[in-house]
Amino acid sequence: MGVTERVWAALVAVVKLEDRVNRQAEAMKSQQQKIEDLTGRVIRLEAQLELITGAAMVKRLKGG
């Protein structure tokens, strides 16, 4: 294998690696967005649970 072929092979490998890195970065962005969405959902569920728990305690204290 000549020097030109080795250089060409190295360039091809770099381009392929760059493509893989870019695809991985896009996948990570997508995953981060999903995590942020789930975090928001959990926060809303926690708030609802606190409201329901508080209402139940008030109801119990009033004797209802």
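Let's start with a term: a surface patch here is made of residues with over 30% relative accessible area and no salt bridge, joined within 9 Å for like charges and within 5 Å for nonpolar side chains (Val, Leu, Ile, Met, Phe, Trp, Tyr). We'll come back to that term once the overall picture is in place.

What you're looking at is a predicted model, where local features need pLDDT of at least 70 and side-chain atom pairs count only at pLDDT 80 or more, while totals for chains, interfaces and linings use all residues. Residues are numbered from 1 along each chain as its sequence is written, and side-chain values use heavy atoms, with hydrogens and water left out.

Now for the fold. The protein has 1 helix and 0 strands; helices (H or I, at least four residues) and strands (E, at least two) are DSSP runs, numbered from the N terminus. After helix 1 comes G63, with a positive phi near 90°.

Along the principal axes, the C-alpha atoms fill a box of roughly 90 × 10 × 5 Å. The radius of gyration is 28 Å, whereas a compact globule of 64 residues would have one near 11 Å; the radius is taken over C-alpha atoms, and the globule rule is 2.2 Å times the number of residues to the power 0.38.

The protein exposes about 6300 Å², with carbon and sulfur atoms supplying 64% of that. Such areas come from the Shrake-Rupley method with a 1.4 Å probe, and for residues only the protein chains shown count as cover.

V3, V7, W8, L11 and V12 make up a nonpolar one on the surface, with about 510 Å² of accessible area together. One of them, V7, lies in helix 1 and counts as partly exposed because its relative accessibility is 46%.

Finally, the charges. Side chains of opposite charge can pair when their charged atoms come close. The structure holds 2 salt bridges, each a side-chain nitrogen of Lys or Arg within 4 Å of a carboxyl oxygen of Asp or Glu. In one, R23 meets D19 at 3.1 Å, N to O. These two are 4 residues apart in helix 1, so about one helical turn separates them. R23 is exposed at 51%, while D19 is partly exposed at 39%. K29 and E26 also pair, at 3.6 Å, N to O; being 3 residues apart in helix 1, they too are separated by about one helical turn. K29 counts as exposed at 54% relative accessibility, and E26 as partly exposed at 47%.

Key
Buried < 20%, exposed > 50% of the residue type's maximum accessible area, 1.4 Å probe, protein only.
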